Every structure is written in C-alpha cells, then in structure tokens.
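Please look over the model shown here. The report below goes through selected residues, the aromatic groups and the packing.

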Amino acid sequence: MSWESYIDALKAADLNGTVPVAEAAICGILPGQESVWISTKGLQNITVDEIKKLGAKDRSSFAQNGVYIGGIRCRLIRDQLDLDPVFALDLKTAADGEGNTFGVCVGKTKTAVVIVKGNKEASGGQLSNKVFRVIEHLKKNNM
C-alpha cells in the first residue's frame, strides 16, 4: 500500500457519506529520522520540531501551552496517545480569521504519527475513527 493510498483512505467518505477529513499527513517519529512522509497541501508545513513534540513521551506542556501543527496553534482536548487501543490525541485549532475552529486528531505508532484536520462540520469522533483505522493497519504491519 502506498502512502498516497493512506491519505486517500483518510480523506474518503465515511459510512454516512460525509467527508470529515480536510487535510492529512503521515510523519516519521524515529529519533533522528523525524520527517513528513506524505501530506496534503494544508499540512505540508509541519516541522521536525513539531513532529518531535507529537512523538514525545512527555506531552505535559500541551495542556497549558497547546501544540503547533504546520504552524497552526492547537489546544489540547484529550490525550490518549499512549492508551491502548485508542492511541489518539484530540486537538482543536485556534480560531482562524473568520472565527472558525477545526478538530485535529493525531494517532501514533512506534514509527509514525498520523495527523488529520477536519472540515468545519467534522466531529472529533469522525476524525478519530479515520485515524484509528490507519493506525491499526500500520500497527498490524509492525510500523
């Protein structure tokens, strides 16, 4: 399966026929190898520093300071990134110029993080469901 097919799966319609994911990225998190493996245009500015923070064991500063993804500040909603079988970090973007906020979900395996940013109407559950399916597949393939 190519990385592009993972992005396609993340951006595909869900069982209700809605497309909750607007942007997606998959990034490597192994120490010294942090990088964006593939991303849609809206998440192409993810930095190595941001990847390191998302992949780190210590995320205690996220609750107070938030975290940046692609230069966009996000606030922490729920951190279950190390909780089996969830492996998800739920975030919400800061308001854009029009006052809109967007859900963000980050899933983690031993080698990668999967990041999705929802469209304006997407629920956190829709986003985490999409991320869970990809994370589950990567874990089964020892990634």
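## Val-86

Is Val-86 buried, partly exposed or exposed? Val-86 is partly exposed, because its relative accessible area is 30%. The model is a predicted one.

Val-86 sits in the loop that joins strand 4 (72-80) to strand 5 (88-93). Beyond the neighbours within four places in sequence, Val-86 contacts Gln-80 and Phe-132. Thr-47 is 39 residues away from Val-86 in sequence. The C-alpha atoms of these two residues are 25 Å apart.

Lys-108 belongs to strand 6 (residues 103-108). Lys-108 is a lysine that counts as buried, because its relative accessibility is 9% and the cut-off for buried is under 20%. The side chain of Lys-108 reaches the backbone oxygen of Gly-55 at 3.2 Å. Setting aside neighbours within four places in sequence, Lys-108 has contacts that include Ile-29, Gly-55, Ala-56, Arg-59 and Leu-81. Asp-82, Phe-87, Val-113, Ile-135 and Lys-139 are also among them.

Two of these contacts, Phe-87 and Lys-139, also pair with each other: the charged end of Lys-139 sits over the Phe-87 ring, 3.9 Å from its centre. Elsewhere, Lys-117 lies over the face of Phe-102. Here the distance to the ring centre is 4.8 Å.

## Aromatic cluster

How many aromatic pairs does the structure hold? There are two. One joins Trp-3 and Tyr-6, with ring centres 5.2 Å apart and planes at 35 degrees, so this pair is tilted. Trp-3 and Tyr-6 are three residues apart in helix 1 (residues 3-10), so about one helical turn separates them. In general, residues three or four places apart on an α-helix point the same way, because the helix has 3.6 residues a turn. Trp-3 is partly exposed, at 26% relative accessible area. Tyr-6 counts as buried, at 6%.

The other pair is Trp-3 with Trp-37. Their ring centres are 4.9 Å apart and their planes are at 40 degrees, so this pair is tilted. Trp-3 lies in helix 1 and Trp-37 in strand 2 (residues 35-39), so the pair ties together parts 34 residues apart in sequence. Trp-37 is partly exposed, with a relative accessible area of 31%. Trp-3, Tyr-6 and Trp-37 make up one aromatic cluster.

Which residues of helix 1 are buried? They are Tyr-6, Ile-7 and Leu-10. Seen down the helix axis, these buried residues fall within an arc of 100 degrees, so they line one face of helix 1. The cover over them includes strand 1 (21-28), strand 2, strand 7 (112-118) and helix 4 (124-140).

Helix 2 (residues 48-55) has Glu-50, Ile-51 and Leu-54 as its buried residues. They cover an arc of only 100 degrees around the axis, so they are on the same side of helix 2.

## Nonpolar cores

Nonpolar side chains tend to be buried together in soluble globular proteins. In this model, the largest nonpolar core has 19 residues. Leu-10, Ile-26, Val-114 and Val-116 touch the most other members. Helix 1, strand 1, strand 7 and helix 4 each supply at least two residues of this core. Helix 4 gives the largest share, five residues.

What does Val-114 contact beyond its neighbours within four places in sequence? Leu-10 and Ile-26 are among its contacts. Others include Ala-25, Cys-105, Val-106, Gly-107, Val-131, Val-134, Ile-135 and Leu-138. A second, separate core has 18 residues, including Ala-25, Leu-43, Leu-54 and Val-113.

## Thr-18

Thr-18 lies in the loop between helix 1 and strand 1. Thr-18 is partly exposed, at 35% relative accessible area. Not counting residues up to four places away in sequence, Thr-18 touches Ala-12, Ala-13 and Gln-126. With Gln-126 there is a polar contact, side chain to side chain, at 3.3 Å.

Where does Ala-122 stand relative to Thr-18? The two are 104 residues apart along the chain, and their C-alpha atoms are separated by 8.8 Å.

Notes: Residues are numbered from 1 along each chain as its sequence is written. This is a predicted model: local features need pLDDT of at least 70, side-chain atom pairs count only at pLDDT 80 or more; totals for chains, interfaces and linings use all residues. Side-chain values use heavy atoms; hydrogens and water are left out. Helices (H or I, at least four residues) and strands (E, at least two) are DSSP runs, numbered from the N terminus. Buried means under 20% relative accessible area, exposed over 50%, partly exposed in between (1.4 Å probe, protein chains only). Contact means heavy atoms within 4.5 Å. A polar contact is a pair of N or O atoms within 3.5 Å; within protein, one must be able to donate a hydrogen and the other to accept it, and residues adjacent in sequence count only if both atoms are side-chain atoms. Rings of Phe, Tyr and Trp (its six-membered ring) pair if their centres lie within 6.5 Å; planes under 30 degrees apart count as stacked, over 60 as edge-to-face and the rest as tilted. A charge sits over a ring if NZ of Lys or CZ of Arg is within 6 Å of the ring centre and within 35 degrees of the ring normal. The arc is that of the directions from the helix axis to the C-beta atoms. A nonpolar core is a set of buried Ala, Val, Leu, Ile, Met, Phe, Trp, Tyr and Cys residues joined through side-chain atoms within 4.5 Å.
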